[in-house]
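Here is a friendly walk through some aromatic rings, helix contacts and backbone details. Have the sequence and the 3D view at hand as you read.

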Amino acid sequence: MEQVNKLLPQLNLEAGKDTLPLIEEIVERSGLLLAIDGGEKYQFAHLTLQEYFAAAELKDDSVGLVQRFAGDKDSWREVVKLWCGLDIDSTTLLK
């Protein structure tokens with residue numbers, strides 16, 4: 001909700017007032033998000049979206065990425081692949 005509120009003014013929508021209707025529309029029309037816990041929380045319908053956003057968030061933190069991967073290779077494998085595909089030089093990470 002917090003992230004959506006930050007973006008709403010750029011869409012000429014009002015933070016707070018338009019937040020829930022927009023999220024509900026995303027859930028119902030696109031299927032990108034799933035409502036869980038009775039609609040109290042939301043999660044991405046496809047893990048790949050979450051993995052991409054994790055890779056993008058760690059774009060400038062290769063050390064943090066490697067630490068996470070070392071701690072749980074199965075969960076972070078796809079994130080590392082997506083990270084390498086971002087517009088960055090991944091040579092050091094791959095070595």
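## Aromatic rings

Phe44 has a relative accessibility of 31%, so this residue counts as partly exposed. Keep in mind that the model is a predicted one. Phe53 is partly exposed too, at a relative accessible area of 42%; both values fall between the cut-offs of 20% for buried and 50% for exposed.

How many aromatic pairs are there, if ring centres have to lie within 6.5 Å? The count comes to two. In one of them, the ring centres of Phe44 and Phe53 are 5.4 Å apart and the planes meet at 35 degrees, so this pair is tilted. Ring pairs join Phe44, Tyr52 and Phe53 into a cluster.

## Helix 3 against helix 5

Helix 3 covers residues 47–57, and it packs on helix 5 at an angle of about 55 degrees, with 8 Å between the axes. The two helices are therefore oblique to each other. Their crossing is right-handed.

Which residues of helix 3 and helix 5 meet? From helix 3 come Thr48, Glu51, Tyr52, Ala54 and Ala55, and from helix 5 come Trp76, Glu78, Val79, Leu82 and Trp83. Sorted by class, this contact has seven nonpolar residues, one polar and two charged.

## Helix 4 against helix 5

Helix 5 (residues 73–85) also packs with helix 4 (residues 62–71), here at about 150 degrees and with the axes 7 Å apart. Because an angle over 145 degrees counts as roughly antiparallel, helix 4 and helix 5 are described that way. The crossing of helix 4 and helix 5 is left-handed.

On the helix 4 side, the contact is made by Ser62, Leu65, Arg68, Phe69, Ala70 and Gly71. On the helix 5 side, Lys73, Trp76, Arg77, Val79, Val80 and Trp83 take part. The classes here are seven nonpolar, two polar and three charged residues.

## Around Ser90

Is Ser90 buried or exposed? Ser90 has a relative accessible area of 10%, so it is buried. Its place is the loop between helix 5 and helix 6, the latter spanning 91–94. Apart from neighbours within four places in sequence, Ser90 is in contact with Trp83 and Cys84.

Ile36 belongs to strand 1, residues 33–36. With a relative accessible area of 28%, Ile36 is partly exposed. If neighbours within four places in sequence are set aside, Ile36 has contacts with Lys41, Tyr42 and Gln43. Ile36 and Glu51 are 15 residues apart in sequence, and their C-alpha atoms are 19 Å apart in space.

Asp37 sits in the loop between strand 1 and strand 2 (41–44). Its phi is near 50 degrees, a positive value in a residue other than glycine.

## Another positive phi

Asn12 also has a positive phi, near 60 degrees, and is likewise a residue other than glycine.

Methods: Residues numbered from 1 in each chain as written. Predicted model: local features only at pLDDT ≥ 70, side-chain atom pairs only at ≥ 80, totals over all residues. Heavy atoms only, no water. Axes fitted to C-alpha atoms, helices over the stretch in contact; angles between N-to-C directions. Helix = DSSP H or I, 4+ residues; strand = E, 2+ residues; numbered from the N terminus. Parallel < 35°, antiparallel > 145°, perpendicular 65-115°, else oblique. Left-handed = near helix turned anticlockwise from the far one by under 90°. Contact = heavy atoms within 4.5 Å. Nonpolar A, V, L, I, M, F, W, Y, C, P; charged D, E, K, R; others polar. Phe/Tyr/Trp six-rings, centres within 6.5 Å; stacked < 30°, edge-to-face > 60°. Buried < 20%, exposed > 50% of the residue type's maximum accessible area, 1.4 Å probe, protein only.
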